[in-house]
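This report looks at charged side chains and how they pair. Please keep the sequence and the 3D view at hand while reading.

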Amino acid sequence: MTEKKDFKVSVIIAAAGRGERAGFSKNKLLAPLYGAPALWHTLKKFDIPETDEVIIASSERDFKEISALAKYFGYKVVKGGATRTESVKNALEAVTGDIVLIHDGARPFVSRELILKCIDSVTLFGSAVCATPCTDTVATVNGGQISGFHDRNTLYRLQTPQGFFTDDIRRAYTLADGKNYTDDSSVYLEFCGCPHIVEGEESNKKLTFAEDFKTEIPQVCAAPTQRVGFGVDVHAFCEGDFVTLGGVKIACDKALLAHSDGDVIFHAITDALLSAAGLKDIGHYFPDTDQKYKNADSAQMCAAALKEVQKAGYVPLNISISVQAEKPRLAAYVDKIISNIAHVLEIATENVAVAAGTCEYLGFVGEGLGIAAYATVLLQEVKNG
């Protein structure tokens, strides 16, 4: 391969679609696939030394959630358009590399080898379009009847990534001037020349329908390991007029005594995450002897712990929290707490459960001396092919 110092390589991930054919209530790329949003797997595949920047094209609706996924990798997110063509054109404006690979967010099974072959092809031929030869007989059908056949020896099924020199494909998209295309090679062919084929991979399938999310796990995303973690936290009351629980500031005639903000929910979650991943406990990463954690935001501490868990190769699948408190009453705040937890853990709200109860005036909590929280989390291993 041409040494990476010769060319800066950028990547565009097209993720602004709705995925309506999958039949989900939201963008299919944010639907779970083997324990993480489908887009997570795609983003992880491009977190390699040979790529210098990754730009994700997102819809307005999904911008916040996709930005949360991108933040872990340090990727940039831009607003897409009404069509794939508009989204890629918008993303191209942010590209700073000499070479750009354009990839569908719905192809999470792409291999590193294929990515490198694309970069090589661009350096040698000026373009790279992943494709596999068509092995089936292909017919033209009109009104339910076959009206003709095609020579399958000349037919290929196109995939992504598709790579080009940035100046060439950017010029092509500018000349396209609002015309809609289904892929980037079509734009290149019309305004630049014949793109070069790179042999693709059968495993590099595109997630299109709901059943694609339920098929047997491909070898490049082989069966992941699941691990369970349990966390507990208790804080005593002290003088004050509010408590922070699950990132929500709640009026109370007491406060929670703590070095940080005393958020027992996020403390319990943090310990559950770390224990499930086989890491050290919250005190190791955020010691109460360190002044930089004085009055610290526990949600941010939990987000930092999540990064350690992700580095260890795991992502949260779901989490269950039980809070025990005689005061304050939490029913009115549970939905907001769930939303905050889902945002920090980068999972859907339906994968977060929060139960709140009292101790019937029994024990430490029952006597109104403090609040306790218990958390159980299920992690799933994420393998990078």
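## A buried pair and its network

In this predicted model, Asp104 forms a salt bridge (a side-chain nitrogen of Lys or Arg within 4 Å of a carboxyl oxygen of Asp or Glu) with Arg107, and the closest N and O atoms of the pair are 3.7 Å apart. Both Asp104 and Arg107 are buried, where buried means under 20% relative accessible area, exposed over 50%, and partly exposed in between, with a 1.4 Å probe and protein chains only.

Salt bridges also link Asp104 and Arg107 into a network with Arg84, Asp184 and Lys206. Within this group, Asp184 pairs with Arg84 at 3.0 Å between the closest N and O atoms; the two lie 100 residues apart, Asp184 in helix H6 (residues 184-191) and Arg84 in helix H3 (residues 84-92). Asp184 is buried, its relative accessible area being 0%.

The whole structure holds 13 salt bridges, and one of them joins Arg112 to Glu50, with 3.0 Å between the closest N and O atoms. Because Arg112 belongs to helix H4 (residues 112-125) and Glu50 to the loop between helix H1 (38-45) and strand E4 (53-58), this pair ties together parts that are 62 residues apart in sequence. Helices (H or I, at least four residues) and strands (E, at least two) are DSSP runs, numbered from the N terminus.

Arg112 is partly exposed at 34% relative accessibility, whereas Glu50 is buried at 14%.

## Basis of the values

Residues are numbered from 1 along each chain as its sequence is written, and side-chain values use heavy atoms, leaving out hydrogens and water. As the model is predicted, local features need pLDDT of at least 70 and side-chain atom pairs count only at pLDDT 80 or more, while totals for chains, interfaces and linings use all residues.
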